[in-house]
Amino acid sequence: MSLTLRTRAALLVTRAVNAVSRRLRLGGGTVIGGRAGLAVDPHLLEHAVAGRPLALVSGTNGKTTTTRLLAEALGAAVVTNATGSNMPAGHAAALAEGDPAAPVVLEVDEGYLPALVGALGPRAVVLLNLSRDQLDRTNEVRMLAGRWRRSLAGADGTVVVANADDPLVAFGAQEAPRVVWVAAGLGWRLDAVGCPACGGRIEFDDGWRCRCGFRRPEPTVRVEDRPDATTEAVFSDGRRLPVDLAIPGRFNRANAVMAAAAAEAMGVPAARALAAMATVGEVAGRFTTRTLDGVEARLMLAKNPAGWGELLGLLCPGTTPVVVSINARVADGRDPSWLWDVPFEALRGRPVVAAGERCLDLSVRLRYAEVDHETVRNPVAALAAAATDGGRVEFVGNYTAFHDLLARR
Amino acid sequence: MSASALTVVVVYPDLLGTYGDGGNGVVLARRAAWRGIGAELVESASDRPLPAGHLYCLGGGEDGPQVQAAESLAADGALARAVGSGAAVLAVCAGYQIAGRRFPDAGGRARPGLGLLDVATSKAAGRRAVGEVVAEPLDGGPAPGPLPTLTGFENHGGVTMVGPGARPLARVTAGVGNGAGDRTEGAWAGRVVGTYLHGPVLARNPALADLLLSWAVGSALEPLDDAEERALRTERLAAAGRRGLTRFARRRARA
């Protein structure tokens, strides 16, 4: 492939600035170099992906994991933003590294998706779900769904893989020329009751429908839970494929089925894609076990009510202690009111420690959930406070709380 | 009415609950129960009739669902009847707007509110008001004594004018509040209280929760040990104060 001198220079600048940033330990080394590269060539992303198979993954929850699973399915050479740096600077940084002809899988922030769809002409777009997140920033998920809809309506040459069970996603994908609808499930419904098409009320039964006629599209792929607790991807052409992952959670198996449908659009059969995903043991530190100040802790990320709803069921059963750490920086959303949408009552009976920069908001929430708890602001000290008899602790942090702990050695 | 001494109704959590405002109902029900007052918490979805209750909580919502909630509540009629017979109402953000006489829809067109409070909201010309709010309750407010400083987080694009039939709840010292140029925040009349604060507001202002409860119970309430709420309030008030001071210092530096 041939790149203009300007694009080559921009990629070089991106790499160089990021290398310096990493060397000086200024940060993860993705955003600052990407910004510099985009300053040199504002069309860096278009030029760098031109002619390459490209998939974009977006939605409120599951972006990082689905991106990783899809990248795994597409093979070793694939270029991807594995660190979750999901805005254009992060995309530029990812594209500056690796094989300049390899397929590309990018995790994309929900708000940036429309612009990238228009500019990059992706072969596949995966739309997972939309729900409340960062209350002070994206205050209108319906508005976001409308922007997705307008950008995808003209996306000729793009296969949209969309969660048919989420009315907001369905509204966003409905006008796209080619859609693969996946019945991936929807745990959190409270943001989807107001119909995005007419403002009426959506009724949920085995699917969902509004009196205006907007209803759940007929899925071509279903995520089917078997009585023996295994999961299968069931395709409308009759294929039944086992979804067997090393990473836990029903929502992750649904993410894998979405990724498998996208892999097919990228030319990799779903069976081969799912087999490749089975080997993924860790995604960006989620569900990894670390020993911090002598305490063994499993690290988990939940950053909004929908994510928490999925995660509570994955906590070790019984009385394993739980540390919950909450921050409210810009990346988390500065308004932690959403804590009141999380059914923390499920933690009753365990030792619980509230931690993080907004531990006091959490402690008040836990008081009203009638969950006995301690409050220890420092997350590592909180782990020590929670540990009993050298046993393991479950740690759940929201976005920056999780990443801060992950970065500790 | 149910067998419980007190019924707390969270109105339409499927349409009006964007900012964790369902927590206000939880706070009311727990603070009653902790005092030995049997309380039932009813989360009443928008597809069924609103039940009779002593306390109603309306929360924040997006533009479309807000219009639908206003229409459904007007058609249902139970909320206005309950207020007429002495029920207390806490209306937050979008809920505050629809409790008033009129509010703007997504296109800025005026829609009729429920008229439970003499306030009228129009679309703000500038940016949305987003951030921490500190507001000092005004003298002669809804409580028999002075309420403590109010703390909360606002996120709205409305300008709310308080009419002669209602009174502003507080004066803003940090943040925007009603945004009508008089630095007021919220409004109240009788047993209806409207505010832009979430957090949710009753978790961060337990004295306001107890005021609403005392109206519903008909007597003063014994105090609770609110050490955790006090710690949270101290921290949030200090945080908002720091930001206010920074802005003040910048203005001084520019002047």
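**Sheet, strand and loop features in chains A and B**

With 11 C-beta neighbours inside 10 Å, Asp293(A) counts as exposed, where exposed means 12 or fewer other C-beta atoms within 10 Å, buried means 20 or more, and partly exposed lies in between, with C-beta atoms placed from the backbone. This is a predicted model, in which local features need pLDDT of at least 70 and side-chain atom pairs count only at pLDDT 80 or more, while totals for chains, interfaces and linings use all residues. Residues are numbered from 1 along each chain as its sequence is written, and chains are lettered from A and ligands numbered from 1 in the order in which they are written.

**Backbone features in loops**

- Asp293(A) lies in the loop between β12 and β13 of chain A, and its phi, near 50 degrees, is positive although the residue is not glycine; helices (H or I, at least four residues) and strands (E, at least two) are DSSP runs numbered from the N terminus.
- Phe287(A), likewise not a glycine, has a positive phi of about 70 degrees and belongs to the loop between α10 (270-277) and β12 (288-292) of chain A.
- Phe287(A) is partly exposed, with 18 other C-beta atoms within 10 Å.
- In chain B, the peptide bond between Gly199(B) and Pro200(B) is cis, with omega about -15 degrees, and Pro200(B) is placed in the loop between β13 (192-195) and α5 (201-204).

- Helix α14 (residues 399-407) of chain A has Tyr399(A), Ala401(A), Phe402(A) and Leu405(A) buried, and the elements covering its buried residues include β13 (295-301), β14 (322-325), α13 (379-386) and β17 (393-397) of chain A, contact being C-beta atoms, placed from the backbone, within 7 Å.

**The open sheet of chain B**

- In chain B, 9 strands form an open sheet of mixed pairing, in the order β2-β1-β3-β4-β13-β12-β11-β8-β9.
- β2 (39-44) and β9 (150-156) of chain B stand at the edges with a single partner strand each, so one side of each has no neighbour in the sheet.
- Strands β8 (residues 129-137) and β11 (residues 167-174) of chain B run antiparallel and are joined by 4 bridges, with Ala174(B) in β11(B) as the bridge partner of Val134(B).

Notes
Two strands pair if DSSP finds at least two bridges between them. Two residues are in contact if their C-beta atoms, placed from the backbone, lie within 7 Å.
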